[in-house]
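Trainee: Hi! Could you walk me through this one?
Mentor: Happy to, let's have it on screen.
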Amino acid sequence: MPAVSKGDGMRGLAVFISDIRNCKSKEAEIKRINKELANIRSKFKGDKALDGYSKKKYVCKLLFIFLLGHDIDFGHMEAVNLLSSNKYTEKQIGYLFISVLVNSNSELIRLINNAIKNDLSSRNPTFMCLALHCIANVGSREMAEAFAGEIPRILVAGDTMDSVKQSAALCLLRLYKTSPDLVLMGEWTSRVVHLLNDQHMGVVTAAISLITCLSQKNPDEFKTCVSLAVSRLSRIVSSASTDLQDYTYYFVPAPWLSCKLLRLLQCYPPPEDGAVKGRLVECLETILNKAQEPPKSKKVQHSNAKNAILFEAISLIIHYDSEPNLLVRACNQLGQFLQHRETNLRYLALESMCTLASSEFSHEAVKTHIETVINALKTERDVSVRQRAADLLYAMCDRSNAKQIVAEMLSYLETADYSIREEMVLKVAILAEKYAVDYSWYVDTILNLIRIAGDYVSEEVWYRVIQIVINRDDVQGYAAKTVFEALQAPACHENMVKVGGYILGEFGNLIAGDPRSSPLVQFNLLHSKFHLCSVPTRALLLSAYIKFINLFPETKSTIQEVLRSDSQIRNSDVELQQRAVEYLKLSSIASTDVLATVLEEMPPFPERESSILAKLKKKKGPGAVSVNELEEGKREGGELNGGGERGDSSAIAASNASTPSPSADLLGIRTGPPVAAAAASSAGSLLVDVFSEAGINDDGFLRDLEPPTESSESLLAEGPGDSDSAPPSAVSEDPAPLPESNELLNKFVCKNNGVLFENQLLQIGIKSEYRQNLGRMYLFYGNKTSVQFVNFTTTVTCPGELQSQLNVQTKLVEPLIEGGAQVQQVINIECLSEFTDAPLLNIKFRYGGALQNLTLKLPVTINKFFQPTEMASHDFFQRWKQLSLPQQEAQKIFKSNNAMDPEVLKAKLLGLGMALLENVDPNPENFVCAGVIQTKAQQVGSLLRLEPNTQAQMYRLTLRSSKDTVSKRLCELLAEQF
């Protein structure tokens, strides 16, 4: 035993602990403890009053016995009595015993609260800290009720010592987390926020933890903290390591405080004050610059602290998503970490780049690292890093690199860890479907996927390929030929047999002309796999056989023999036996016409949401796309396409409903399931190629876009709970939009995703995608409060002439939004002719009994319907001269509002939707673009020329279009972007 000093030692306790340690058996230990408990009990009940030292010693012994796992049912009052002692050591043991053994329902809680109040009012900093620590450790609702009003006063009092302020801030944070309804800052709010200016860094560090938590729940009340946080961060970032000696950690000034400040700023949008925003951008640039400097120490603590600040800064840059320069620099910095020798850094870099990949400003910069990421996928030793590499490849995938990424992921699948194979399969299936310009490539990819990782290919994957093949005439023959060849492999996965049986049963006639794939050869090939398959697959094959009898009458006798065999008619499985008997009877007694009617080719499937995306989101985590995810731009389940769980998991079922023509839009833009809360059907899938050559101007489209009537059987019929709150189909007078609506609309001219509107109650996020004259928009309504929204209704109206220019179809939204929950609404848009106004979105709901009513402009602008057009220099200027009428040109000369960075200009012009033409303009500093606006009525060709003058910080923007209204509107929209 170590020596015990005379001042603070308790010899009796030391001897007791020594005896316990020396016990040879559990029985001996229990015997010694019982003896000690009897002794302590007799001392407490004795006539002789115990002094403070003895009480402290015995209470300590009881505490030690409790920590050994034995119940203690006495001694509580003696511990409470210790709280009234004026000696620190006795008071400390009393508080320790209470924190560990006294529960919130104890009868002694009133006595304890009185003792704590006495210590809080004593002005003795040591006693005050002990009391605050006890409140925080117990953290019960009773404690919050007793002291929630007192602690803020102590926190902001001018004469409170710094150590007490630190304890008070953390104690208040603990009470707020356990009982937020009882901790009301009220009049103390501004004074708590101003603790960020405190001279003592420890106070600031403790206070910022409290302010961050409060800001997440009540952002508007604490929004003044942004400027103070930026100011404090600026002072830390610009300071040398010697300026903050007490808070410098391995040459890094105040790393913990810096990280907390950066995290606090992520609770708010970018500062509106230009000076504050400029100062914050300088801070972020300084942090990025310091990351490039050589390290001041080789110790790992130095690099850890430095990188912690860097990653928080990058998270803030991603959160703002408004500074293209910083986003690109952050991407480049993360790119350097991809090859760092430290595994954790590589992991964090891959994870952060996944988020950066969803930003329109940094997506191209992320794509430059594709080879490094592919190499990481192949060579990394740590499976978690390989999984992040796969996530990043999925996030950076677009039309330009889809085939390369899918090929690499397929290659990796052959040796991938079993723990991530299923997720990899889902991602490959999603990417192949989303970016399939050539559907024969899609079929090849999915069949290859089944061949490589058949055990991990879920039913959703092969259901989906069946849906697409049936809905597209142009790929059916190729699919039949490809699957026939795949089935010839000696070892064939059962999922391949399922796909083969279904496709050959439907479209085997398309390849029957070749002797190598004659009807009998097809049947024999399928039947050779029959005995190796499970019961559900055998049932599917029997259905394929009866289809063969209809397609190929010459196979009838052969197939009937199979159906008539004992192994089928007397099969022990009821399902197989019933199918065999019924199919045999059907083929025997039905006439050719009846057989052809019953066994006719499956009609195209009415488009459903892709369940592959829902399955991937289940693996990544429950719930629909959250508003925070949307704000941070995360791409799980596809950046533009949303995702969620659909009600019908069976994609292979005969449909009796009316079905679209074979050229139906596989996007599901025309129809979709009802939208309910997050637990019900979530985002409609835009997975299938939105750019397919399918017909999109048929007469049925307009009918589908019309709002459903009461008797409509449309999938847009009201969902659960919608009957009482369905928005009206028309309003007599359009409500006035919010004053900032135009500013909010301008934010989305060059981008499709982000947060449209946010206040202290509601956050509205947007994801959208457009192609030709069609668009689909997802609106995410997030309840930021803990109180439910009731009677939640939304109405989209087209004011004035816009009614004849845009066809807007909205799906009903759930009328009740729980606190902290989110619902989603899908809006389908068809551009009929050119337009200048924007649709109005009116939102009404009741919060705490008060009616909330706000109107915004939906960010639907004419440039969303651009189709980029590549042109050579000669063609461009020839067309430019043809559009020479004065009314066809719109020109504007204006001063730059932002830094004139060529990369930023390129990103914005590409975001506009036009093709950026390289080496066309004689002046290499100028930008020229070309595109065609697709409307149902006509196509409007447009040419753009942007001439920056860096010396004067001015632009000249010229638009020429075949329609004068288009030129003017595009010029107005673009002038606000630079």
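Mentor: One term before we start: buried means under 20% relative accessible area, exposed over 50%, and partly exposed in between (1.4 Å probe, protein chains only). This is a predicted model, where local features need pLDDT of at least 70, side-chain atom pairs count only at pLDDT 80 or more, and totals for chains, interfaces and linings use all residues. Residues are numbered from 1 along each chain as its sequence is written, and side-chain values use heavy atoms, with hydrogens and water left out.
Trainee: Thanks! How many helices and strands are there in the protein?
Mentor: The protein has 41 helices and 16 strands. Those are DSSP runs numbered from the N terminus: helices are H or I with at least four residues, strands E with at least two.
Trainee: And what share of the residues is buried?
Mentor: Of the 978 residues, 55% count as buried.
Trainee: Let's look at α29. Why call it largely enclosed?
Mentor: Because twelve of its 17 residues are buried, α29 is largely enclosed by the rest of the structure. Among those buried are Leu540, Leu541, Leu542, Tyr545, Lys547 and Phe548.
Trainee: Switching topic: at what angle do α20 and α21 pack?
Mentor: Helices α20 (residues 370-379) and α21 (residues 383-396) pack at about 145 degrees, with axes 8 Å apart. Axes are lines fitted to C-alpha atoms, for helices over the stretch in contact, and angles run from 0 to 180 degrees between N-to-C directions.
Trainee: Which residues make the contact?
Mentor: On α20, they include Ile370, Val373 and Leu377, and on α21, Arg386, Leu393 and Met396 are among them. Contact means heavy atoms within 4.5 Å.
Trainee: Now the open sheet. What's the strand order?
Mentor: The five strands run β3-β4-β5-β8-β7, with antiparallel pairing. Two strands pair if DSSP finds at least two bridges between them. At the edges, β3 (754-758) and β7 (806-810) each pair on one side only.
Trainee: How many bridges join β3 to β4?
Mentor: Four bridges join them. In one, glycine 754 has isoleucine 766 of β4 as its partner.
Trainee: Last one: is serine 518 buried or exposed?
Mentor: Serine 518 is buried, at 19% relative accessible area. This serine 518 sits in the loop between α27 (494-507) and α28 (519-527).
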